[in-house]
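Have the model open alongside.

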Amino acid sequence: MLLDHCSLCSTHRYADLYFFFVKSLASFGGIAVIGDERVGVPAPACGGACLRGDPHSQRLKSADSRCGKMLAMERGVVEEWLSEFKTLPESGVSNYAVSLKVKAALIPAIYRVIRENDSDLLEPVCHQLFEFYRSGEPRLMRFTLQFLPELIWSYLSVRAGRDPHRSGCIEALLLGIYNLEIVDKDGQSKVLAFTVPSLSKPSVYHEPSTIGSLALTEGALANHGLSRVVYSGPHLQRETFTAQNRFDVLSFLLLCYNAALSHMSNSSLQTLCQLGSRVCICGYPRQQMRRYKGISTRMLVSSEFLVQLITDIHYALCNGEPELGFKALDDVMYRAQLELFPEALLVCNAIKSSQHGGALKPHKEGSRRIHVEITPTSSRISRNAVTSLSIRGHRWKRHDAVDLGSPDELMEISEVDEGFCSRSTQGGSPPAIVVSSNATPSGGRPTGKGQRRLGSCSKASRDKEGVPESCRDQLSRKQPGGRAMSETLELLSLKRLTLTSSQSMPKSGTLSLSQTASAVFSRSFEHVSNALTAGNAAHPQGCSPSAPEANRYSACSLQEERLACVVERAEPLGPSPHKQRSPSISLHFSTDL
Amino acid sequence: MTARKSGSRLETEIERCRSEGQWDKIPELVRQLSAKLISNDDLGELLLGEAKLLQYLKENPIKPGASPRGARPKLVEVRKHLTAALDRGNLKPDHQQEAQLLMAKLCYVEGDYQEAIGQYSQVTLDDMQLVGAPVYRLSMIAEAHATKGLCLEKLPSASSSISSHGPDRDQEIITCYEKSGDIALLYLQEMEKVALSAGMQNRSPKPGPVTQEQELGYFLETGLQRAHVIHFKNGNLTRGVGRFREILRAVETRTTQNLRMTIARQLAEILLRGMCEQSYWSPLEDPPQQSPLNDSLRQGPLARDYSLSRRPRVYSGENLFCPQENTEEALLLLLISESMANRDAVLSRIPEHNNDRLISLQSASVVYDLLTIALGRRGQYEMLSECLERAMKFAFEEFHLWYQFALSLMAAGKSARAVKVLKECIRLKPDDPTIPLLAVKLCIGSLHWLEEGERFAKMVVDMGEKASEFRAKGYLAIGLVYSLRATDASLRGMQEEYQKKALGAFQRWVGSVPAVQLLGVTIPEALGYVRQALQLQGDDVHSLHLLALLLSAQKHYHDALNIVEMALSEYPENFIDSGRGSSLLDRAVADRRQLNTMTLPDFSDPETGSVHATSMAASRVEQALSEAASSLQSSAPKQGPLHPWMTLAQIWLHAAEVYISMSKPAEATACTQEAANLFPMSHNVLFMKGQVAELRGSVDEARRWYEEALAISPTHVKTMQRLGLILHQLQRYSLAEKILRDAVQVNSTAHDVWNSLGEVLQAQGNDDAATECFLTALELEASSPIMPFTIIPRAL
C-alpha cells in the first residue's frame, strides 16, 4: 500500500490527494453526526478550557465559549463564509483573499467551531480550510495556516481523550496540508535545504582576509567553500496518523507555520503559545500549577517537535506576546528537562539567556516594534587588557634569553595563534609560555597590533624577517591538506621565532606586558587546577588516563587532539635549563574517542 | 625656530593635522601661515575657530539626550574667530563653506537650532563636492548632515522655517542621517587608505601612529546610527533592515569594527526574531512592496530616495556569497560577529580586568546564544558544537557556556566528551538535577559506562527533596543502571543482587513514567504497572511491547496478539526502523503457540489454522522485507550505513524461521542464504543454517553449523541448546550435558535449556537431577515470555 503510494505518478498526486481528503471526510462524517446526536453529553472539557486564574487568559476566555453552543450570529458568519467561496469565480479569488481580512467576526467564530469540536459546522469548515490551502493563493493559505496551532491542539486533545474518531476531519485537514506541503509544484518530493555560510568565502558582508586567522580554524578550512545542508525532507506521504508518524507530521506542519510567522495574527500566536504549554505539561505535576483542567494524559513528544515549537514561541515572545510566550517557553523547557532532550534544552537556554543580554527586548503586548539604540562605536574593553587579539599581536620574549645561540631554548617560545598551553611559573621565575595552535597561511606571524590586512602585508613581513625560501615553498605546496599545512606552518613559526628573538632585544613596554600576561596565566591556571584537583586529588602532572579529570577543563586545553601532538612535539625540543622553574604545571588534555 | 615651511608643504601639514584631529598643533601652523601672506588671515581665523571648537568638543563630549548648553566663554572665542573669517568675504569658496558649516555646528552646540538650520540652508550641503575632496572635508560634510538632522529633530515642526511637515519632514530628517552615514563611511574608508599608505611609506617595523584608534565622536556616530533607529521607531522594518545592510556591506574599517559587530548582531536578532522565510528578501534584492513587517499605519517609502556623487566602497567581486534565506543571513552575520567577539575575548584573570572580561563575555554570549537559536532551528548541532567550542575561551567558571557546550556535544552525538563537560557543569551548579540525569542518559546509552552512570544517578537521588520531580527520574536511572549491570553480570549471585537493587529503585520510582523495565518483578505485578503506564501515556511503543511480552508469559496469547496488532498499527515502520523485527517475530511465534495450545476459537480446524497462521506470518515477513528493501533504496543515506542492512538480514532470518516452522526447507535455505550474503559470519546465520539442516534430517551437518556458530559467539544460548539436543540424539550425553550446563550458566532463566538438560540427565540415568531440571524448567516456563524481556531498550 505504502509502496504503491510512493510510486504514484507525480501528476496524479494532487487529484489523488483531493480524493483522499474527501474520502476521509466521508468516512469520518458519519461519526461526526453520531457525535452530534449525543446532545446530552457535556462538551469536552478541553474544548473550552483555558488557563484559568491568570489575568492574561481572560482575553482569550472572552473569545471562548464555555456554554457549548454558538451564538446564532456567529453561526451565520461562518455559514456565510462557507457559502460565498463556493460561488466565487476563479478570477475573484485574490480579491476575495484580501477582503477576508476585513471580516472581524469571522476568525473568532472559526476558532470557536474548532474548539467546540462536536459542532456540525466543523466538517464543512475543515473542508473549506483545506480548499483554501489547496487553492495555492498565498493569502488563502495563510488564512488556513493561522488556525494551525488550534487545529493541532484540538487534534491532540481529542486523541488523548481516547475517542480518536471524533477528530476525524481535523486529522484529515492536517494530513491534507502536510501532503500538499511535502511536494513542490511539479509533484516532486520537496527537500528543504540551506547553505551554511563560511567565513573563508567572501560574502556581501565580509572579506575573508579581514576576518583574521582566528576564525579560520581547521574546521572552517575543512569545509572550505559553502556546503548545502538538507534540514527537512524528503517526506513520505501519509494517509493516517499513527503514534509513530504523528510528531513527524506535526513537526513538519509547524515548520510550515514557522515560514509564515510574520503573517500570523496575535490571536494565532496566542493559540500557539497555549499549544506549547499544554502539550508539554498535560499529565505532569506542573499541570496543577498552571491550573489547566483539561486532559490529564501525557502526550508523547519528540525533540524535533519541541524545537520547532520553541522557534515559534520565540517569535511570539518577541512580537507582542511576551507573557504567554515566556510561560510557554518555561513549560517547554520543563518538559525538555524531564525528557532529557539536549536539542530542545539548548535552544531554550539560548533564548532565555539572550533575553537578558540582547539589544532587542520583548515588547509590550500587541506591539511588534523593534527597538534599537545608538551604541558607542568605540571598544568598551580597556586597552591594557589581554585579549585574544592582543595576545596574537604580542611577541613573546624572554628577558633572560642570554644565550641566543642555543636553539633549544628558543624553541620553547613558540608562537602561533589560537589556543595556548602554558608552562606556569612560580616564585618570580622567568615566564616561559608555550603558545601553540593551528596556524593559518597568512596569519602565522602577526604583523603588528591591529594590522589585519594580512593578505597584503603578511608577505612583506615574511620577507622582512627573512624566512628561508624553502619554508615558503613548502607552505605554498602543501596548501591542500589542512593538517599538513598547519604542521608546516608550525615549523615555519618556530623558525621565525628564533629569528625574532635574536633580532630584537625586548623593550621595556613589551616586557612588562609579557610579564603581566604570564603572571595572569599562571594565576588562572593555578586556579583551574586547584579547583579541579581539590575534588579528586589527582596531581596535575599525572594526566594519565587514570586521572583524566585533572586538567582538561581549562578553556585552552579544550582543543583538538592535534594540539596535544603539537605540544608533545614541542616539548622534547625544549628541555628546561632553569632550575628555578619548578614545579611546572604543564597542561595536557585528553580528547576522548 | 624651525625653518618656515614652503606654502604647499604648510598646507599639506595643516590638512594632515585637520584630518588626524591634532588640533593642538593648529595655532602654531596658523602663525606660520599668516606670516606668509596677509590674505591668509581669514583662513587662519577659520582654522583657529575650528581648532578651538573641536578641542572644546573633545574635552566636553556631547552626550545623547543632553540639553543645550547655551553660550560658553570658550565658544564665544570660537564665534569671534568664525565671524572674523566670514565677515570679510575674502575666503575661497571652499573655505567659505567650511566656515559656514562650522558656524552652524557652533550654533547647534549652543542650542540655537533655528540659526543652525539657517546656516545650512545657505551652504546647500548637497552641492558640496565629494569627489576629490580632502579627507577632513568628508568628515565635515558628514557631520554637517548629521547636525542638520539633529537640528530638524529638535525643532518643533510648527516653528520650523522649513515648509515640509509630517511624514515629509520625517523623511527629510532620515535622509539627512542616511547621507551623513554614507559620507561618514566613505570618510572612514578614505582615512584608512591614507593611514595605510602612510604606514607603507614609513616602513617602520613598529605599528606607528596608526595604533591610535580613532574615535568617531558624537556627530558621526549619530549620523551612522540614527537613521535606522528612526526607521525602527517608526515601525518601518524594511527600511531599517535595508539601512543595516547598507552599513554592513560597506568595506570595513578599523573604526567601524565595533559598530559592525553590534549591527551584525542586531540584524541577526531581527532576522531570527522578527522575520520568517516568507517575509524575507535577500540583501541584493529590492524589498517587497508590501510587507507584514512594517507598521501599516505609517507607511514610508521603501527605499532611499537620494543619490550621492560618491558612495562608500562595498564588498564586491565575483562569486560573492549572498544569503537567500533569513537563517542563512543570520548565520553569516553571527559568524562575522563571533569572529570579532572572539578577538576581543579578555583572557587576563586579574581583578582589574574583571569589568572588561564581563563586557567581552556578555557580547560574546549573546552572539553564541543567537548562533544556537539559528543552528538549532536547522538541526546543525555538529557545527554548533564546533562554534561553542570556540566559546570556551570565555567559559572559565561560566556555567551557561559550559552547559550549552555540553548539550551541543550531546546533540551532536559526541557522547564521551559530553559526559566530561557535563561533569564540569555539575561542579559549577551542583544543585541542578537535570545535568547528572543527562550524564546518566549518555552513560547507559551508547557509552555503556555503567559505573559512571551509577555515580551520576546517585547524585540525583542524594539531592533529596531539592530534586523534586527529578528525584523519581533519578531512581529510574539508578534502577536502569542496576538492571543493565545485572544483564552484564556473569555470576548468578551478582545478577540477583543487581536485580534486587534495580527492583528497589524501580519501586520507588514507579507510577510516573512509561517504558517500564521490570526485571524480576512478578508477572501480574508487572502487568499492573504497565497498564498504569499505558493509561498515563497511551501510545508508547515500548510499553505496548512489554505488555505483549507479559501477556505471552502468562500464556494469554490471544491478548498478546491483539496488543501486537495494535502496536503494529500505530508503529507500522517499527520493524524497519528499530531493526529488531521483534514485534513481527512475536506475532509469528504467538501464532504458532496459539496453534499448539489449540485454545484459539477462531480456527475451528487446527490443520487449516496452522497453515493459515504461519502463511499469514510469512506474508507479513515478506511485506516487511520488501519495505525494508525499498526503504534501503530510498533512504539509505539517511541512516547509518550498517543499520538498515542488519535489519534486512534479520528480516530474512525471521522469514527463514517461519519457513522452518512450516517445514519448507527449500525456502528456508533460500532465506538463510540471502542473510548469509549480507553477513556471512553472523552466528545467527550459522545457527539458522543448522536449523535448516536439522529440518532436513542431516544431524551431522547441523552439528557442524552449530559448532561454527558457537565459535563465533560462544555464549549464544539458543545454539547451545540445539547443539545439546543434537548431541543428545547422537547419544553423546556427557558432552551434551556439558554444553547445556554452560548454557544454563549463561542464561539461568532459559526454560528450554533446563528442559533439554533434564532430558540429557534422564538419558544418563541421573533421575533425581533430571527431575530437578524439569521442575525448574516448568517453573520458568510458567513465567517466560516468548522473547526475553531484555530486548526492550533500557534508556532514559
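## Ground rules

A residue is buried at under 20% relative accessible area, exposed at over 50% and partly exposed in between, with a 1.4 Å probe and protein chains only. This is a predicted model, where local features need pLDDT of at least 70 and side-chain atom pairs count only at pLDDT 80 or more, while totals for chains, interfaces and linings use all residues. Side-chain values use heavy atoms, without hydrogens and water, residues are numbered from 1 along each chain as its sequence is written, and chains are lettered from A and ligands numbered from 1 in the order in which they are written.

## A buried pair in chain B

At 5% relative accessibility, Tyr108(B) counts as buried. Tyr113(B) has 11%, so it is buried too.

## Ring pairs

Rings of Phe, Tyr and Trp (its six-membered ring) pair if their centres lie within 6.5 Å; planes under 30 degrees apart are stacked, over 60 edge-to-face and the rest tilted. Searching the whole structure turns up 19 aromatic pairs over all chains. Take Phe85(A) and Tyr96(A): their ring centres are 5.7 Å apart and the planes sit at 35 degrees, so this pair is tilted. Both residues, Phe85(A) and Tyr96(A), are buried. Back in chain B, Tyr108(B) and Tyr113(B) have ring centres 5.3 Å apart and planes at 45 degrees, so that pair is tilted.

Ring pairs also link Trp81(A), Phe85(A), Tyr96(A), Tyr111(A), Phe132(A), Phe143(A) and Phe147(A) into a cluster.

## Arginines over rings

A charge sits over a ring if NZ of Lys or CZ of Arg is within 6 Å of the ring centre and within 35 degrees of the ring normal. Arg245(B) lies over the face of Trp281(B), 4.9 Å from the ring centre. Arg378(B) lies over the face of Tyr231(A), at 3.8 Å from the ring centre.
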